[in-house]
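Let's take a quick tour of this protein, one topic at a time. Have a look at the sequence and the fold, then read on.

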Amino acid sequence: MRIDFSRIAVKIGSNVLTRRDGTLDITRMSALVDQIAELYKAGMEIILISSGAVASGRSEVHPNRKLDSVDQRQLFSAVGQAKLINRYYELFREHGIPVGQVLTMKESFATRRHYLNQKNCMTVMLENGVIPIVNENDTVSVSELMFTDNDELSGLIASMMDAQALVILSNINGIYNGSPADPTSRVIREIGQGEDLSSYIQTTKSGFGRGGMLTKTSIARKVADEGITVIIANGKRDNILVDIIGNEKLKTRNDEPEYTRFIPSPEPVSSVKKWIAHSEGFAKGELHINDCATKVLTSDKAVSILPIGIVSVQGEFEKDDIVRIIDFEGNPIGVGKANCNSAQAREAMGKHGKKPIVHYDYLYLE
């Protein structure tokens, strides 16, 4: 098989890997592993982001008292993660393919040092023919520090690892132009940059996961804006991964297979800007800028944020922390890496001839 992508990230959702009763669907897992193995043996590097640990543990453990949501997640994921990774290990071993487990948390992406450490870990694995299997470490994560769901995590991983494509496998065929339950609704095959989908996206969440199609669409847009092809498809459909790669290779929009493709931006994005783009949740403060600075920043010019354009500095932050950029109307328009601490920024704001508070190379505008 000839392939055009050399490295992809594949996210498998909880509803793909579990049956209605919450037990692990070993038959489906095996079929997906067979497809990943076929792509691997054709020369493709694959990073697997897999849900299913909590759902897997739920079917194994029966608590002797009522647990709150955090206790349940920690208990079920501790048991379920061991079960899940063991299944993957055995299934991939049948193909002679080594796998490695990578458990991460949202805060592990908060600093550039931790971010690069994770990237190095998975790079070494890929260089040695090992497929990383990534999941959130739910056993120690707490609510306020958790990813929205593994869709958010998969976007971070695809961006961090410079993947050419992110394939998000759910339990429906893609994004519909109406309710998926409506027989007249059709899958939207391609979605361009800036295309309005607000009238199509439903906010209901999946049965065993934390997110829904709204989250998937938001993540897909951000990742596609970084130049990565994003595909949302039905993971329960036979041979879906191999069919997708074959269809993308031919660059056709045939009747089969059916999925939604987000068209990637042709503009390359640097590794640092990719990290910053996904770091809004880690922002320690805010830079409020005036009308003039807003107009310049939102133009086509490559400009930094200078003290003269700053009217207010909110919060406390250190040099190299992530800060939000707020326009003159109070709207968030981006994030950036601070070139100084908050006290120095307050001292310099409104003044001419000072160094940038956020340099263009470390600025990401939404």
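Start with the hairpin: strand 11 and strand 12 form one, with five residues between them. In the turn, Gly 330 has a positive phi of about 90°. Keep in mind that this is a predicted model.

- Strand 11 covers residues 322-326 and is mostly covered, with four of its five residues buried.

- UniProt, in an unreviewed entry, lists Ser 51, Asp 138 and Asn 150 under "binding site".
- You'll find Asn 150 in helix 6, which spans residues 150-160.
- Is Asn 150 buried or exposed? Its relative accessibility is 7%, and buried means under 20%, so Asn 150 counts as buried.
- The side chains of Asn 150 and Ser 51 are joined by a polar contact of 3.0 Å.
- Setting aside neighbours within four places in sequence, Asn 150 is in contact with several residues, including Lys 11, Ile 49, Ser 50 and Glu 136.

**Ser 159 and His 278**
- Ser 159 is in helix 6 too, while His 278 sits in the loop between helix 9 (271-277) and strand 9.
- How far apart are His 278 and Ser 159 in sequence and in space? They are 119 residues apart in sequence and 8.7 Å apart in space, going from C-alpha to C-alpha.
- Ser 159 has a relative accessible area of 1%, so it is buried.
- His 278 counts as buried because its relative accessibility is 12%, and the cut-off for buried is under 20%.
- Not counting residues up to four places away in sequence, Ser 159 touches Tyr 115, Glu 226, Ile 228, Lys 274 and His 278.
- With Glu 226, Ser 159 makes a polar contact from side chain to side chain, at 2.8 Å.
- Glu 226 is also among the residues that His 278 touches, as are Gly 155, Leu 156 and Lys 222, again leaving out residues up to four places away in sequence.

How values were computed: Residues numbered from 1 in each chain as written. Predicted model: local features only at pLDDT ≥ 70, side-chain atom pairs only at ≥ 80, totals over all residues. Heavy atoms only, no water. UniProt positions renumbered as here; feature names shortened; annotations may be inferred. Helix = DSSP H or I, 4+ residues; strand = E, 2+ residues; numbered from the N terminus. Buried < 20%, exposed > 50% of the residue type's maximum accessible area, 1.4 Å probe, protein only. Contact = heavy atoms within 4.5 Å. Polar contact = N/O pair within 3.5 Å; in protein donor to acceptor, adjacent residues only side chain to side chain. Pairing = 2+ DSSP bridges.
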